[in-house]
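Here's a structure to talk through, feature by feature.

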Amino acid sequence: MVAAAMRKIAAGVLRRCIERFDAELVGNMPRGWSVHERAVRTLVTLVGGIAFVRTVFRDEFGRRRALADELLGIPPRARVSPGRS
């Protein structure tokens, strides 16, 4: 029971950290990029399942880019975090 509670707390902290990191990226958006949308991403991690909201940008060439995913090494459409696989 204690382990489950700790995993839940850790999952919440991880979610908040990713969302804060994403907010920093929006605040320092590369030149020529724009915010396209905010989208929910769900992953299974070492501490359990998490769902977080991250920003999808349009880069200077018009391509959709989830910069937080790219910088954190989360492959497109992956459901399991790199550390969990």
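**Reading the fold, the cores and the pocket**

A: The protein has two helices and three strands, where helices (H or I, at least four residues) and strands (E, at least two) are DSSP runs numbered from the N terminus. This is a predicted model, where local features need pLDDT of at least 70 and side-chain atom pairs count only at pLDDT 80 or more, while totals for chains, interfaces and linings use all residues. Residues are numbered from 1 along each chain as its sequence is written, and side-chain values use heavy atoms, with hydrogens and water left out.

Q: How do I read contacts, and what share of them links residues 24 or more positions apart?

A: A contact means heavy atoms within 4.5 Å. Here, among contacts with a separation of 6 or more, 56% are between residues 24 or more positions apart.

Q: Next, accessibility: what percentage of the residues count as buried?

A: Buried means under 20% relative accessible area, exposed over 50%, and partly exposed in between (1.4 Å probe, protein chains only). Of the 85 residues of the protein, 28% count as buried. The accessible surface comes to about 5,700 Å², and 59% of that belongs to carbon and sulfur atoms; such areas come from the Shrake-Rupley method with a 1.4 Å probe, and for residues only the protein chains shown count as cover.

Q: Can we try single residues? Is K8 buried or exposed?

A: K8 sits in helix 1 and counts as exposed because its relative accessibility is 68%. Its C-alpha is 9.3 Å from that of I50, 42 residues away in sequence.

Q: And why does R15 count as partly exposed?

A: R15 is also placed in helix 1, and it is partly exposed because its relative accessible area is 29%. Leaving aside neighbours within four places in sequence, R15 is in contact with A51 and F52. R15 and R31 are 16 residues apart in sequence, yet their C-alpha atoms are 27 Å apart.

Q: Why does V56 count as buried?

A: V56 belongs to strand 2 and is called buried because its relative accessibility is 4%. Not counting residues up to four places away in sequence, V56 touches V35, H36, E37, A39, R64 and R65.

Q: Which residues make up the largest nonpolar core?

A: A nonpolar core is a set of buried Ala, Val, Leu, Ile, Met, Phe, Trp, Tyr and Cys residues joined through side-chain atoms within 4.5 Å. The largest one here has six residues: A11, I18, L43, I50, F52 and I74. Helix 1 (2-27) and strand 2 are the elements giving two or more residues to this core. Apart from it lies another core of five residues, including L25, W33, F57 and L67.

Q: What does I50 touch, and where does I74 lie?

A: With neighbours within four places in sequence left out, I50 is in contact with A11, L14, I18, R41, T42, L43 and T45. I74 lies in the segment after helix 2 and counts as buried because its relative accessibility is 8%.

Q: Last one, pockets: how much space lies in the largest pocket?

A: Rolling a probe the size of a water molecule over the atoms shows where empty space is left. On a 1 Å grid over the protein atoms alone, a pocket is an open set of points where a 1.4 Å probe fits, with protein on both sides within 12 Å along at least five of seven lines; lining residues have an atom within 4 Å of a point. Grid points are joined across faces, edges and corners, and the volume is the space filled by probe spheres set on the points. The largest pocket holds about 290 Å³.

Q: Which of its lining residues lie nearest the centre?

A: Of 15 lining residues, R41, R54, A66, D69 and P76 lie nearest the centre of the largest pocket. Strand 1 gives the most to this lining, with four residues.
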